Amino acid sequence: MRWHGDTLYSEGAPAQPSMLMTQTLIRQLENILGPDAILHLPEDVLLYEYDASVEKGRPDIVVFPQTTHEVSQIVKLAAQRDIPVIGRGAGTGLSGGALAPTGGLLIAFTRMNRILDLDFENQRAVVQPGVVNLDLTRAVEHAGLYFAPDPSSQKSCTIGGNVAENAGGPHTLACGVTTNHVTALELVLPDGEIVRVGNKQGDPFLYDLTGLLVGSEGTLALITEIAVKLSRKPEAVKTLLAIFDTIDDASETVADITARGITPAACEMLDGWTLRTVEDYIHAGFPLDSAAVLLIEVEGIAEAVTTQAATIDEICRFHQAREVRIARDDKERDLLWKGRKNSFGALGRVAAGIYVLDGVIPRSKLPQTLCRIQEIGQQFGFRIGNIFHAGDGNLHPIVLYDPRDTEQYQRALQASAAIIRYCVEVGGSLSGEHGIGMEKSELMPLLFSDADFALMRRVHDALNPTCLLNPGKVFPVNKGCGETRVRPQVPQAVAHS
Amino acid sequence: MTASSTPSLNAFESLLDPPRVAVDPAVRESYVIDGFAPAGVAKPASVEEASEIVRFAAKEKLAVVPVGSRTKLSIGATPIRYDLALDMSAINQMSHYDPADLTVSVGAGMPLAKLNATLREHNQFLPLLVPYYPQTTIGGTIASGVDSPLRQAYGTSRDFLLGAEFIDGTGALVKSGGRVVKNVTGYDLHKLLIGSLGSLAVITALNFRTFPAPANPRGFLASFSTAEAALSARRKIAESPLSPLTLDVINPVAAKIFADRTPSSLEPSIFANENQQNAEGPLAAPGKWFHPSDWQLCAGFAGVPEVLSRYPRDLTRTAKEFGATSISILDDATRPSIWGRLREALPLFRQSSPFAAIVKLNVLPSLQAQALTILEAVGRAAKLPPALIARASGTIYVALLLPDDAVDAFAEPLVLLTQEIFSLTRRFDGRASLLFAPPTIKHVLDTTLNSRPNSDLTLMRRVKFAFDPHNIFAPDRLFPTQL
């Protein structure tokens, strides 16, 4: 018998999960995990049909393993019964990667949150996937080290989730994204086999399977242990806030900084409407009549930082910056960052829902893309704010909409698709750091040919031949795991019987 | 000698116009790997032509080895089958370069030196100062997986390769990644190509992130009487606020080779504000810098004048703290002397002993002192004292140098010693690959697998067959494809 009332898993007539089978399965899971590690009542699993994206997908059962061995046993059990398995960290993902659009068994890694090894001399740590990103930095900062990837959700997101989505953050401009900091992984394959790839030192040996797994969005294997590089805190940091009267001046400043051979640690931009909305709530000191602010950070040895900050100051003023503020201490630095780090929350106050997009463009295309985003906003009747990693061309347009209004929800999806299409047109890509997940799988053909999909599919099948691992993600319908995808027409429509 | 099955040569010759296909022995001879010549050579002028060759090979089940400038072709196991050499050196166009985006897309056959010359016009560069730099193609650099001393500051190619186009084993032209700096869109298949030795696909184009060229490169060299002292100084520097561009320790045997030999190649000019004449001239004579009786710490750094005054000060203080017996600071004119030798270390080792066996080990920095001491001891015991380079990032190059006149006499000790090094690496939870060795020795050694438990090898094989279902690409050169 196939799992769930989906034609997807049945060659013949659709089958309903039998109550008896469910009870047996839960008993078997309890044998593996004990009694306090399983949720299956509808009101309990309801909480797991969301992440931070606009998608939904409810699992049938949620389990909370604590060891790799438990994960392996759960996966074996699911494989025997043809039940989809989805990994999940803190549920902060923005593309629906940790949702269960076809139902199934959700493995929440939140209890696998132990730091297994801290090796200060070699600047490495080994962690379980449920360790919260910022907790790792807190555990090593006394030794002058930190974990470099810093997604905005770093206070709650897990390193396992960071690995699955190859998460970025404001400081990836100089420091790289998650994949640049992962050296080895322990995997549980869809048949329950436990395999280690990579090595603690980090140079790939034979094929770089670690590099393949990072950013594969949970579609190839479950990740149960992660070896990461730790970075050394810089001797000096300087944070500058530059205020501009036009977006173009701000964009040209970014281009000029690059042209002068400076790679800032971070280079973030907020557009005028966004900064006003944020200022209203955060009081970070952004002038309300400005068109854009740039938040730029340089780090390194003191001598280099001093000269770079002076050069950046000069470039900003050359491009008509109205004002350049340089933080004198950590407190001022925190204040300058406060507006940026809390911006998504601030925008959440002015609309019922916010849809944070993630597109990436060649950085030279910044001004024209921002114009186009405004046009698309007008065309679809939305206010679209822009907060983005200007230094690496990673945009986060924010669509304010009411998710309870079906028509608006559809329009928001259309506006999003129009923006992402434009990113691709100017030579960019579908996602800089949020991943494809459920959100953008249908946009994948904008970039990839049938031949590209065919190879990706063969690689997928090399690791996940039964398609039981995170089905309905990354690949568009008909290019991936058959017709496993159930996209909600309206947010409420996902409800299971 | 040929490892070829009997391909349908007539059909092959009619695929492309001559001279883009050749079966002439004189041409084939220059594509020899470990004594084996291919039955035919194809040098396609376009990606479509390359794809046609691959489709033909897939149909006829011919073994294809993609090649560039053929400087590192002997890395990997001796071919078990070698029907066609697919010479990609004519696919060498720069298809995209927008300096403002700091991204570049180039054909696999583009010489690395030529690429960097173009980037330099915009004060940018690709931080790949790899061996055989003047000849090597960008495709060969990626496929061979060689590293650069600059990895201390910039990481390895895996950190700045943004995307690729390649022909898979069915002949289909496929791409992954893109040409933007951040990208989570589909699988990062291009990362698998790094170090794949052509066993997954034929690389046709590569997209990179470029970097601002550092200004005013300098060198620092300190001598120590023991490996421990040199490595302790290296560790102190690695943990300091400084971020040197290169940070390597070499042993006395390596120092002697550096002192005795000068690479034939010109020093590439990649840095900003660099004295063009120094930069592009032949390498300076080794001068007084390399000391054949010392362990030496070599660091490179660059920057604005304020930075340039800090590095020598801090580096010197640290070196003295660990008992450095001599210290040299190399300026604009003299620094190529150490940078160039570090870059061309493997060719220099092979120059000094054409039958050198060179093994690359990855061992965590904290275990390197112990590893280097044992490597020296076992080498001496076998009368094959190794030349050693230990990067702060954890890579160790071990070159076992054979006397030219006694290669046969040393064949057996060399095999035993290499096996000993492999098992030693395993003890340190490291990884080892035999890069170069006399063919007679490669025959009896697995070039890689002895060194590791093979838990992920099954996955590697599955990935190989996903890319190359007919096993036509460089079969068994990276690892045995059959269980």
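This is a predicted model: local features need pLDDT of at least 70, side-chain atom pairs count only at pLDDT 80 or more; totals for chains, interfaces and linings use all residues.

Biologist: OK, chain A. How many helices and strands does chain A have?

Modeller: Chain A has 15 helices and 19 strands. Those are DSSP runs numbered from the N terminus, with helices being H or I of at least four residues and strands being E of at least two.

Biologist: And what does chain A span along its principal axes?

Modeller: The C-alpha trace of chain A spans about 70 × 55 × 45 Å. Its radius of gyration is 23 Å, which agrees with the value near 23 Å that a compact globule of 497 residues would have. That radius is taken over C-alpha atoms, and the globule rule is 2.2 Å times the number of residues to the power 0.38.

Biologist: How much of chain A is buried?

Modeller: Of its 497 residues, 63% count as buried. Buried means under 20% relative accessible area, exposed means over 50%, and partly exposed is in between, using a 1.4 Å probe and protein chains only. Also, of the contacts in chain A with a separation of 6 or more, 70% are between residues 24 or more positions apart; a contact means heavy atoms within 4.5 Å.

Biologist: Switching to the interface: how many residues are in contact?

Modeller: On chain B there are 76 residues in contact with 82 residues of chain A. The area buried between them is about 6500 Å², and carbon and sulfur atoms give 58% of that. Buried area here is the accessible area (1.4 Å probe) that two parts lose on being put together, summed over both.

Biologist: Which residues of chain B lose the most area to chain A?

Modeller: B:Lys182, B:Val184 and B:Tyr187, which together make up 15% of what that side buries.

Biologist: How many salt bridges are there between the chains?

Modeller: Eleven between chain B and chain A, while the count over all chains is 48. The rule is a side-chain nitrogen of Lys or Arg within 4 Å of a carboxyl oxygen of Asp or Glu.

Biologist: Can you show me a couple?

Modeller: B:Lys182 pairs with A:Glu433 at 2.8 Å, N to O. B:Lys182 is in the loop between strand 9 and helix 8 of chain B and A:Glu433 is in the loop between helix 14 (406-425) and helix 15 of chain A, so the pair joins two chains. Both B:Lys182 and A:Glu433 are buried. Then there's A:Asp452 with B:Lys175, where the closest N and O atoms are 2.6 Å apart. A:Asp452 sits in helix 15 of chain A and B:Lys175 in strand 9 of chain B, so this pair joins two chains as well.

Biologist: Which residues are linked in a network of salt bridges?

Modeller: A:Asp203, B:Asp147, B:Arg151, B:Asp248, B:Lys360 and B:Arg391.

Biologist: Back to the chain B side. How many polar contacts cross over, and which helix supplies the largest share of that side?

Modeller: There are 29 residue pairs in polar contact across the interface, both residues at pLDDT 80 or more. A polar contact is a pair of N or O atoms within 3.5 Å; within protein, one must be able to donate a hydrogen and the other to accept it, and residues adjacent in sequence count only if both atoms are side-chain atoms. Helix 18 of chain B gives the largest share of the side that touches chain A, with eight residues.

Biologist: How many residues of helix 18 of chain B are buried?

Modeller: Eight of its eleven residues are buried, among them B:Leu457, B:Met460 and B:Phe467. What covers the buried residues includes helix 15 (450-463) of chain A and helix 8 of chain B.

Biologist: Last one: where is there a cis peptide bond?

Modeller: From B:Pro18 to B:Pro19, with omega near 10 degrees. B:Pro19 lies in the loop between helix 1 (9-13) and strand 1 (21-22) of chain B.

How values were computed:
Residues are numbered from 1 along each chain as its sequence is written. Chains are lettered from A and ligands numbered from 1 in the order in which they are written. Side-chain values use heavy atoms; hydrogens and water are left out.
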